[in-house]
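Look at the sequence and the model, then read on topic by topic.

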Amino acid sequence: MIDGRDDSDLVRRCVDGDTEAFAPLVERYQRVLFTMALRMVGNPEDARDITQSALVKAYEKLSTFDPDYRFFSWIYRIAVNECLNFLSRRKPHQPLDEDLPAGESPEGHAEARELSLGIDEALVKLPTEYREVVVLRYFMDLSYGEMSEVLLIPEKTVKSRLYTARQLLAAHLGPWSER
Amino acid sequence: MSGFGPEELLQRELDGENTGEESAALQSRLASDPGLRESYERLRRLHLALGRIGPADPPPGLAADVMHAVRSRAARAGGARGWLDLLRAPFVSRPAFGYALTLAAGILVGAVFVGFVAPPGLLSRRDGPAAGTILPSERLAEPKPLDRQDLAAEGIRGEVVTNRADGRVVAEIRLESEGPLDVRLGFDAGTLSLLGFERGRLAPGEVRLAPGEVRIEGAGTGRYVVVLGVLGPSALRLRLSLEGNGVRVEKTLEAGTGS
């Protein structure tokens, strides 16, 4: 999946003054960070701004990155914080953007799109601490250990939050999940 | 069997964490408990549906915009880092020379201290400490603005000033406004490049940066500073427009010439 050693080499080159070494890191992480931001905030324009801001902040803080840790955990953490800051500033109950991209469903049919929209709507109704575990688990494909690193919480807490998040999501989806 | 309760076994089954024995125990419970089976089916459908939603494509131009911002920051930081590198270089390449240099600098600083600050008796000088300035007087003068224009209109007060500093064009906008303003500072992207944007801590507005334009939506009372790098040798002008409070103000600002 992600070559951590390669990431560290690129980070070191950036810190040594090679600005262009940051470009492959941007290419590598923009998709996952944008997907995470989109699922967290529910609006493509806001997700774009958050992703850009997170990547630029990461560049500015590269000298503080500890190469003993994984770069993706570090940069996800920055992006998660950007999302949380954004959500704390946003008015509660702001409606979801109806044009939210549904992603690449293998079926690509109307039913899949309806399902995706239903999940997006249910997701944005979840409290933030539950939403982030669902996003990291299902859209970032992170393991419990990786989620624990990114969220700075014990694995046990990750599991219990995901447990509650699934229950809440199923409850929000209601009629669909009974199908 | 393990110490997990049925609900936790369901979750572990979804995540593939159950041992063979635990899975078998769960299947046995599901067969005899319709309520638990229904709960499992509901969570399994959700789990599969979540897994089917793929990643979203990032908008076109996102990576380019990030790198544009990163290069601007690197360019701004370049000057400061250059001095640091200059100071650090002797210690990295030739440590003995570096320490000798530090000693010489220390002696020089000590001499300046004794000569200018120490009491007269310390040096047995009768003519007292020296007075005056080390820098030539013109170095202490404020940089002369290239252009300064008033931004007064209905419900708006302020001014915009353009300066040159270290070969860069700096446009400083100070505003007082009764309502939100749409502020646009336009420039020729062929001769000027955006290096940075700053604003006062309380200055409101959403900033949109694009090649050839800085736009502040919802600007208001506060200070906004745009720093531009000079790319080519030609006369440089900036276009400033303010719109809001039912009025529109447009200004063309002189920013010198490229070197």
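## Two chains and their contact

From the N terminus on, the elements of chain A run α-α-α-α-α-α-α-α-α. The model is predicted.

**Chain A overall**

- The secondary structure of chain A amounts to nine helices and zero strands.
- Chain A has 179 residues, and buried residues make up 40% of them.
- Take the contacts in chain A with a separation of 6 or more: 63% of them join residues 24 or more positions apart.

**Helix 2 and helix 4 of chain A**

- How do these two helices of chain A lie, roughly parallel or roughly antiparallel?
- The axes of helix 2 of chain A and helix 4 of chain A cross at roughly 25° and come within 10 Å.
- Angles under 35 degrees count as roughly parallel, and helix 2 of chain A and helix 4 of chain A are therefore roughly parallel to each other.
- Their crossing is right-handed.
- Helix 2 of chain A brings Tyr29(A), Leu33(A), Met36(A), Ala37(A), Met40(A) and Val41(A) to this meeting.
- Helix 4 of chain A brings Ile75(A), Ala79(A), Cys83(A), Phe86(A) and Leu87(A).
- The residues of this contact divide into 11 nonpolar, no polar and no charged.

**Helix 3 and helix 4 of chain A**

- Helix 4 of chain A spans residues 71–89.
- The axes of helix 3 of chain A and helix 4 of chain A come within 9 Å, and they cross at roughly 135°.
- Helix 3 of chain A and helix 4 of chain A are therefore oblique to each other.
- Helix 3 of chain A passes helix 4 of chain A in a right-handed crossing.
- From helix 3 of chain A, the contact uses Asp46(A), Ile50(A), Thr51(A), Ser53(A), Ala54(A), Lys57(A) and Ala58(A).
- From helix 4 of chain A, the contact uses Ile75(A), Ile78(A), Ala79(A), Glu82(A), Cys83(A) and Phe86(A).
- Here the residues divide into eight nonpolar, two polar and three charged.

**Chain B**

- The secondary structure of chain B comes to five helices and 10 strands.
- Chain B has 259 residues, of which 20% count as buried.
- Among the contacts in chain B with a separation of 6 or more, 55% come from residues 24 or more positions apart.

**Strand pairing in chain B**

- Strand 1 of chain B covers residues 147–150, and strand 2 of chain B covers residues 156–165.
- These two strands pair in the antiparallel sense over four bridges.
- Gln149(B) has Val160(B), in strand 2 of chain B, as its bridge partner.
- The hairpin of strand 1 and strand 2 of chain B has five residues between the strands, and Gly155(B) takes a positive phi near 80° in this hairpin.
- Strand 2 of chain B also pairs with strand 3 of chain B, residues 168–177, in the antiparallel sense over 10 bridges.
- Asn163(B) has Val170(B), in strand 3 of chain B, as its bridge partner.

**Where the chains touch**

- The contact takes 37 residues from chain A and 25 residues from chain B.
- Several helices of chain A each supply at least two residues to the side that touches chain B, among them helix 5 (110–125), helix 6 (128–139) and helix 8 (155–173).
- Which helix of chain A gives the largest share of that side? Helix 2 of chain A does, with 10 residues.
- The residues of the side of chain A that touches chain B divide into 21 nonpolar, nine polar and seven charged.

Conventions
Residues are numbered from 1 along each chain as its sequence is written. Chains are lettered from A and ligands numbered from 1 in the order in which they are written. This is a predicted model: local features need pLDDT of at least 70, side-chain atom pairs count only at pLDDT 80 or more; totals for chains, interfaces and linings use all residues. Two residues are in contact if their C-beta atoms, placed from the backbone, lie within 7 Å. Ala, Val, Leu, Ile, Met, Phe, Trp, Tyr, Cys and Pro count as nonpolar, Asp, Glu, Lys and Arg as charged, and the others, Gly among them, as polar. Two strands pair if DSSP finds at least two bridges between them. A residue is buried if 20 or more other C-beta atoms lie within 10 Å of its own, exposed if 12 or fewer, and partly exposed in between; C-beta atoms are placed from the backbone. Axes are lines fitted to C-alpha atoms, for helices over the stretch in contact, and angles run from 0 to 180 degrees between N-to-C directions. Angles under 35 degrees count as roughly parallel, over 145 as roughly antiparallel, 65 to 115 as roughly perpendicular and the rest as oblique. A crossing is left-handed if the near helix is turned anticlockwise from the far one by less than a right angle, and right-handed if clockwise.
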